[in-house]
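Dear colleague,

I am handing over the structure we discussed, and I would be glad if you kept it open while reading the notes that follow.

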Amino acid sequence: MKAIRKPGPAPGLELCDAPVPEIRSRDVLVKVRRAGICGTDLHIHQWDRWSRHRVNPPVTLGHEFMGEVVETGRLVRNIEVGDRVSAEGHLVCGHCEYCGTEQAHVCRDTRIIGIDRDGAFAEYVSIPAANIIHVPDSIGDDLAAVFDPLGNAFHTVLHTDVAGRVVAVVGCGPIGLFAVGIARAAGASRVIAVEPHEGRRKLAARMGAHDCLDPADGDVEARIVDLTHGYGAHVVCEMSGHPEGVRSAFRMCRNGGHVRLLGLPKDPVEVDLARDVIFKGLHLYGVVGRLMYRTWIEMRDFLASGRLDVEPVITHRLPFDRFEEGFDSMYSGEAAKVVLTLD
């Protein structure tokens, strides 16, 4: 089969031939139809510091995908050949205290497809049956392919109730754009997007943001205070990982408010904890993946209801063998979410 692989410890990827993966008794084999390029894939493509300490090539990339089941292991139940599916890409142990108390998303033995084992940038991928997510016919292939990052956004926004509250989203990459739409669909009274890239501010407006602020235009925190009758946002979703974005998230949140941290800083971030967190009584939440499997159920039902349209975020669709164009468009900022097609 064809696969996009990181062949060795150096920048770049290659499209090459690889064996079709074998499945075990509790696995399923999926023929991949669509695969999304993630920011993590960009890090591995660049072979940056994080990748050098985290990834052991050779490995097939890709953890955002959808496809069709073509084979099931002998112990697999409730999954049939021909089913349309996506999958949770975090593979957990299933027997530790975290997995046994509905906290599998923070299992210490988590392995991730496309990073720790071969992933879905290939014609076929092997997945444990326990991780398979069925896709309703009402949800199209492209949308099903981005369930993974969309789930990150659902987890971030819906960790507490946002109905009737002011939600600020800091950083409008693909997951931040998803978060804007989710907050609006979930009944937020005002959604404020903070993003320096003009094209992404326009996308944020299409996703339902009431206000789209450029941090280069001035004091964003003061503007948000003005927009919220002097209080600040009830909920701030920090999606950028930029050090100033993180610090700004604490400052634009009202006393007693909620800050959800999803963006990953490259280096340690200095924060005035006393002033910006402790004396404000903030509630902080670090977002890891998706809640298994509550987030997937919320996401499926939200999308099936028609209340949320995330199609504007999928800006580029490219054939599998033109993957380098997809990476280039993401590096340039031209693209939000890129989906590769394998039909």
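Is Glu 244 buried, partly exposed or exposed? In this predicted model, Glu 244 is partly exposed, with a relative accessible area of 35%. Its side chain meets that of Arg 247 in a salt bridge with an N to O distance of 3.3 Å, and Arg 247, at 24% relative accessibility, is likewise counted as partly exposed. Both residues lie in helix H9, 3 residues apart, which is about one turn of the helix.

Arg 251 is partly exposed at 28% relative accessible area, whereas Glu 221 is buried at 14%.

The search of the whole structure finds 26 salt bridges, and Arg 34, Asp 142, Glu 311, Arg 317 and Asp 343 are linked in a network of them.

Turning to helix H7 (residues 198-206), Arg 200, Arg 201, Leu 203 and Ala 204 are buried there. Seen down the axis of H7, these buried residues fall within an arc of 160°, so they line one face of the helix, while the face turned away from the buried side carries the exposed residues Lys 202 and Arg 206. The cover over the buried residues of H7 includes helix H6 (174-185) and strand S17 (314-319). Just after H7, Gly 208 takes a positive phi of about 115°.

Technical notes:
Residues numbered from 1 in each chain as written. Predicted model: local features only at pLDDT ≥ 70, side-chain atom pairs only at ≥ 80, totals over all residues. Heavy atoms only, no water. Buried < 20%, exposed > 50% of the residue type's maximum accessible area, 1.4 Å probe, protein only. Helix = DSSP H or I, 4+ residues; strand = E, 2+ residues; numbered from the N terminus. Arc of directions from axis to C-beta. Contact = heavy atoms within 4.5 Å. Salt bridge = Lys/Arg side-chain N within 4 Å of Asp/Glu carboxyl O.
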